[in-house]
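Welcome! Take a moment to look over the sequence and the model, and then let us walk through one part of the fold together.

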Amino acid sequence: MPPSPGLYTPHHRGVGRVPLQILGWTVEEEFLIRWMEKFAPRSDLKDSDEKQQWAHFQIPHKLPRGYHKYATVWDPTPEYPTRRGFCYCITSNKNADELKLADNMEIVDGFRIALDVQTPPRWSTDATTSAPSEQIELLPIEMPRSPGLYTPNRRGPGSVRMKVLGWTVDEEFLNRWMEKFAPNPEANTRNMKRQWAHQQIEDRLPADHCGYATVRDLIQIPGQPTIRKWCYCFTSNRTKKELKLANNTEIVDAFRIVLGVQTAPQWYTVSD
């Protein structure tokens, strides 16, 4: 049996978070059609979708009584890291009682017989409570140079403006993030999509370090109005303590995971 993932931490965000994990078997179209033809054949079903639906209807009747559960989980592949899968599950890590069921071999063997599999179950991340980027390995990054400590009472040469360290986002990014990580058919206007994405991102970022600011874009066109953007940031150069957080790679990686980005954060000047 696979090792325990530990208890789910729904109110813990970012570093040290344990996502909701599901113990079971993820099934694909080929599996369902093969199962249907072997255990519940119907000559009148020709379409593959109909065969899968029939298999899904029949399988719960053969699973251990009281345990015919299913969930949508992340089932990533190198080619498709955000692939979802349908999982027939025994239990989860939602609480101690459910986690204890993972050691019940009678239930495990009942599922294996019903599904006609020899493999043990595996823990998969629930797709409704976690972003798929949590399944993706982060690439190495080079952090930007420190801008120096903010000098609020100094103007002119040698002064350092207020800056924040983070990632800028625009409407296109938010729409893409929402469609990929938190689809919501009820958010059907530009404002609703933007608000929904912001809400979901904020809920998933580390609670103690989730900040946002309106900043100046790094690229400005001479003679043109200042380009301003929305920035998800985790620290600033306002104090030595905040400036020191810029070297905290755990926080950086937590933001990258939630935002689904491989890029390093940048220092942005806070907009006037």
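What covers the buried residues of α4? The cover includes β1, α1 (29–39), α2 (48–62) and β3. Keep in mind that this is a predicted model.

Let us start with the sheet. It is open and has 4 strands, in the order β2-β3-β1-β4, with antiparallel pairing. Both β2 and β4 stand at the edges with a single partner strand each, so one side of each is left without a neighbour in the sheet. On average, neighbouring strands are turned by 60° against each other, direction ignored. Strand β1 is joined to β4 by 4 bridges, and Q21 has T125 in β4 as its bridge partner.

Helix α4 packs on this sheet, where it touches β1 and β3, and its direction makes about 145° with that of β3.

Here are the elements with their residue ranges:

| Element | Residues |
|---|---|
| β1 | 21–27 |
| β2 | 69–74 |
| β3 | 84–92 |
| β4 | 122–125 |
| α4 | 105–115 |

Now for the helix itself. The residues I107, V108, G110, F111, A114 and L115 are buried in α4. Seen down the helix axis, the buried residues of α4 fall within an arc of 160°, so they line one face of the helix. The exposed residues E106 and I113 sit on the face turned away from that buried side.

Both ends of α4 have a detail to look for. At the start, a side-chain oxygen of N104 comes to within 3.1 Å of the backbone nitrogen of E106. Just after the helix, D116 takes a positive phi of about 60°.

Technical notes
Residues are numbered from 1 along each chain as its sequence is written. This is a predicted model: local features need pLDDT of at least 70, side-chain atom pairs count only at pLDDT 80 or more; totals for chains, interfaces and linings use all residues. Side-chain values use heavy atoms; hydrogens and water are left out. Two strands pair if DSSP finds at least two bridges between them. Helices (H or I, at least four residues) and strands (E, at least two) are DSSP runs, numbered from the N terminus. Axes are lines fitted to C-alpha atoms, for helices over the stretch in contact, and angles run from 0 to 180 degrees between N-to-C directions. Contact means heavy atoms within 4.5 Å. Buried means under 20% relative accessible area, exposed over 50%, partly exposed in between (1.4 Å probe, protein chains only). The arc is that of the directions from the helix axis to the C-beta atoms. A polar contact is a pair of N or O atoms within 3.5 Å; within protein, one must be able to donate a hydrogen and the other to accept it, and residues adjacent in sequence count only if both atoms are side-chain atoms.
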